[in-house]
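Let's take a walk through this model together, starting with its charged side chains and ending at one of its sheets.

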Amino acid sequence: DAGSLKKLSVDLADSVPESAVGRKDSWSLGDGQPPEDLDKQIETPPLSTLLIEKPQTTSINVGDASFIAKVEAKDLLRKPTIKWFKGKWMDLASKTGKHLQLKESFDRFTKIHTFEMHFIKAKADYSGNYRCEVTYKDKFDSCSFDFEVKVPEAAQNIDIRSAFKRTDGQEDAGELDFSGLLKHNSEPKQEEVPEVDVWEILKNARPDQYEKIAFMYGITDLRGLLKRLKKTKKEEKKSEFAKKLEPAYQVDKGGKIRLVVELADPTVELKWYKNGQEIRPTPYIFEHKGTQRIMVINNCSKNDDAAYSVRAGDEKCSTELFVKLPVNIVKELEPVNTTVNERIELECEVSEEGAQVRLKNGVEVQTGARSRYRIKSEGTKHLLIIDDATREDSGTYSLMATGGTSQAKVKVDKPLKIIQDLSDITIRLGQPLKLHCEISPGNVPGRWYRNGQAIQAIERINILQRANHRLEIESSVIADAGDYTFVPEGYTQKLSAHVHIIPPRVHLDRLNFPDNTVTIVAGNKLRLEVPISGEPAPRVVWMKGERVILDTGSRVRAETFPDHTSLTIDITEREDTGNYKIVLQNEAGEDSAIVKVKVVIPDPPEAPLVTEVGGDWCFMSWSPPHYDGGSPILGYFIERKKKQSSRWMRLNFDLCKETTFEPKKMIEGVPYEVRIFAVNAIGVSKPSEPSKSFVPLVTSEPTMLVVDEVTDTTVTMKWRPPDTIGAAGLDGYMLEWCLEGDEWIPANKELVEKTKYTITGLPTEGKILVRVMAINAAGASQPRTTQHAILVKEVVAPKIRVPRHLKQTYIRKVGEAVNLVVPFVGKPRPKVTWLKEEQIVEPSQVSIRNTDCDSIFFIRKAERKHSGKYQMSVQVEKHVDTAILDIQIVLPGPPQAVKIDEVWGVNVALDWTPPKDNGNAPITGYTIQKADKKTMQEWYTCIEHYHRTCITIPDLVVGNEYFFRVYSENMCGLSESATVTKDSALIVKELNLKIPDYNEYDFTEAPKFTQPLINTFAVAGYNTRLNCSVRANPRPKVMWMKNKIIILDDPRYRMFSNQGVCTLEIRKPSPYDGGVYTCKAINDLGEAQVECKLEVKGMNFSDLLHRGVPLHLIDKFMNESKLPEPEKK
């Protein structure tokens, strides 16, 4: 029945499969789907197309089983990731072992990945629901399947004695699993159940009686019996729960759930946990009813989806709560109108992907191979497809989900036969309009529509419904144009046609102008006639831009005739170029067209440039016009006039082919202007803009304008005379200055004859521009301006004044402070930079403080790494001065490899190698110490300032055992540590040995200087030393002489001699102390001498004052440093 009400219902599967309900926290192959749910197939909607072969549900007896999944890798760049799960989230990758194996393989020819899961000797507790998930980048696919392991029913009565009997020839039956006793016995005949309970006897017997009891009852496998007995003797602990929680609970979102346990002892303390965390009373409700303990959760949300547990005493039971989200309908069902034998598709979209949908039409729609109804699921979309619809399929279909319901009406009609369809019509305005069609059956009434609006029969419109259907309109109007539709009653089919009424039209195609463009030479007359059509006669409007062209115009006018319209321009001009729009309007509509008019004439050239001016001539140039009017430029006309006059005079009567020209015969001192005309085959262009005025023979601009000197308020400029001076001569120069961006200000009131001038009264630190002009009777020349702005600020080039003691290597010991003051000059305040090895000195290593006149370099505690060459740079604007300071931080390292070469008598011979690190200064000697092994804390110095690397230590105590150590020494002192001998030297009692005779070596030597004196420059008032070294044996007598005169008992001189090093110290020398100094060494074998030149430079008053010395000290120093006046004869 077409009017009957049919329903389509949708049941959405739980988001959590039933098989996952039994999951526990610790994995076991027995935790799976309950037995009663094994036959339920869980449908998983296809998430993607990764899996081409999915694991299938399998049911086996106890034994091996395999599951295979295949993935096609043609479009994959790398291997996909696969995971095997049992239940909801139990990952099997960590459970592989003896009974579970996971394998992977790849076929290079078929490009297929194969993933396998093997169960070996599967047990009954392996049964359950499993899931395979495959992921690759943003793609995901999964498949669920069931695995059932069937176990035959165990025999009810088993003889324990026969179970533990050994078979003939079998050494050991091994450990027996009690579950193995329950397996089906394949022998058809079983022994009778014994009357005696051997287990009870064994449990109550002593261990020493086990063998006797086994022999008595014929049990031969005593070892297996004892193992089984050990397991069964464990006492089972009494449970605290009379009734535990169910394995899992399920509730809809927003619903209510009650978790109930029953206690064996109501007094036991009970605690509830959620995901391992103890639950607080809020927002949960706890109830006590006798021995029952109830936790109530109202208005369940997604946060309540968790694992719950309850602890009674030491016992704990767990469960899981799954909160189902409501499935909402995202896309409603839409009504369908169709005819018999057509295809019907009802589509809906729900919010939950992968939901199982069952559709019902009144009752459940039967789907199958022979059914016309098919259900198709594509993610969240679900479709009901009806092939070859019949009229019985009409009705109301409903879709029901947990979150709502959607309904749609389906109407199936008989097919309508169209004998003659409506056809499109084009008519003129005012002509009659007739539409007709023919259908079968012909007695079916219908309605007419125009543009979706129903048409009613009126005086002008006639509607006829007979064997065929007609619509007639006597006189058409513009409103009758549109889309007409005839709809038979009771049918969904429609008949349509379009009615078009001809509007007015502009016929530009009859003009035969390319691109509708009319080209005309400027100055000619233009008459343009354009054909038009339209009924009634249209109204014509000509427009150029927003301006309407009237028929009463003088030079430009428009005229309209029945079949055409015209545009007339008497004398065309360049401004007439443009687009002209024609607009036609009448009752049938309107039409428009655009005609392009192009008036050709060359553009005027740009204003000419006068680049050179002579005595009575000038040189000018220009650029060709941007537009040549469609014809090449043939040449140019040049005109000239005086600036005060308005009369132009042509300079050439023959066309100038070039873009340069040289006018002549001009009057000196009179300003002129010139202009250009361009000429082509069309005509002469308009004149160019006049050039800038110029005066012949004024003078050229001055040259070489430079800055000579700058102070804080003045700037001195210098320049050279002009290269070209006019006939009027040169009267002088005028200077002007301005701040950047301001107006020019005269610098001198009267003309300056010299080529140097000082501008005064300038703002300090301001940036100015300066220009100078040459003046004569014809006027001022072009100005010569400085290229860059001048900073009004006195600049003194920087200069570093390095102190004398820093010009040589500055040496300090490790740990000493380094404090250097380096003065400099420069204005404004210079920028000081310190570099070491081309890197900026780190402030953490060296403290640097800069002032206006000096820079202080300070190291609080010097280290070896501070040694090196430091570059000091002082910069003032573009002026830079640099100085190099060589700082050497010295500290010698200890000698290397001190060893005992020989021990004889009370003597020990030592040998060592020089230190690897000399501490940035030559090694001057060594210090050797000894210590008795008994008192290693006390070291005694044997010798100091020793120069060689080997020595013999005499006079040691017999019976003592000695260690030795050696310090290295340079100009800064001893090394921080010493090198100790590894071995000790034992002085034993001298034996009576025959000592061979040796020839005594002659160590006598005449004096010889190993280090000569060096010419030295000293500063008056500062102590200075002269050093040299001499070698001689016996020890020589050393004398010092100045200018060949021996120095004796003079308090200004101090003489030292240590280990052959001779030193002469001159205290506070004056220029008088300069001269030639000689050191002479004499012994019995001869003599030797060396000499050097000493020059003492005095310091003047300004040098001392610049160094910051107080005035009273300067006065004292100047008085002391004065030379004694010679006696007058």
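**Salt bridges and a mixed sheet**

R1025 is partly exposed, with a relative accessible area of 49%. Keep in mind that you are looking at a predicted model. The partner of R1025 is E1065, and the closest N and O atoms of this salt bridge are 3.9 Å apart. The two residues sit in distant parts of the chain, 40 residues apart: R1025 belongs to strand β81 (residues 1024–1033) and E1065 to strand β85 (residues 1061–1066). E1065 has a relative accessible area of 8%, so this residue counts as buried.

Now turn to E794 and K827, whose closest N and O atoms are 3.4 Å apart in another salt bridge. E794 lies in the loop between β60 (790–791) and β61 (796–800), while K827 is in strand β63 (residues 818–827), so the pair ties together parts that are 33 residues apart in sequence. E794 is partly exposed at 27%, and K827 is partly exposed too, at 36%.

R343 and E345 form a salt bridge as well, with 2.8 Å between the closest N and O atoms. Shared partners join R343, E345, R374 and D387 into one network of salt bridges. The count of salt bridges comes to 39.

Finally, have a look at an open sheet of 5 strands, ordered β29-β36-β35-β31-β32, with mixed pairing. At its edges are β29 (425–427) and β32 (453–454), each pairing on one side only. Within the sheet, β31 (residues 446–450) and β35 (residues 482–488) pair in the antiparallel sense over 5 bridges. Here R450 stands opposite Y484 in β35.

Conventions: Residues numbered from 1 in each chain as written. Predicted model: local features only at pLDDT ≥ 70, side-chain atom pairs only at ≥ 80, totals over all residues. Heavy atoms only, no water. Pairing = 2+ DSSP bridges. Helix = DSSP H or I, 4+ residues; strand = E, 2+ residues; numbered from the N terminus. Salt bridge = Lys/Arg side-chain N within 4 Å of Asp/Glu carboxyl O. Buried < 20%, exposed > 50% of the residue type's maximum accessible area, 1.4 Å probe, protein only.
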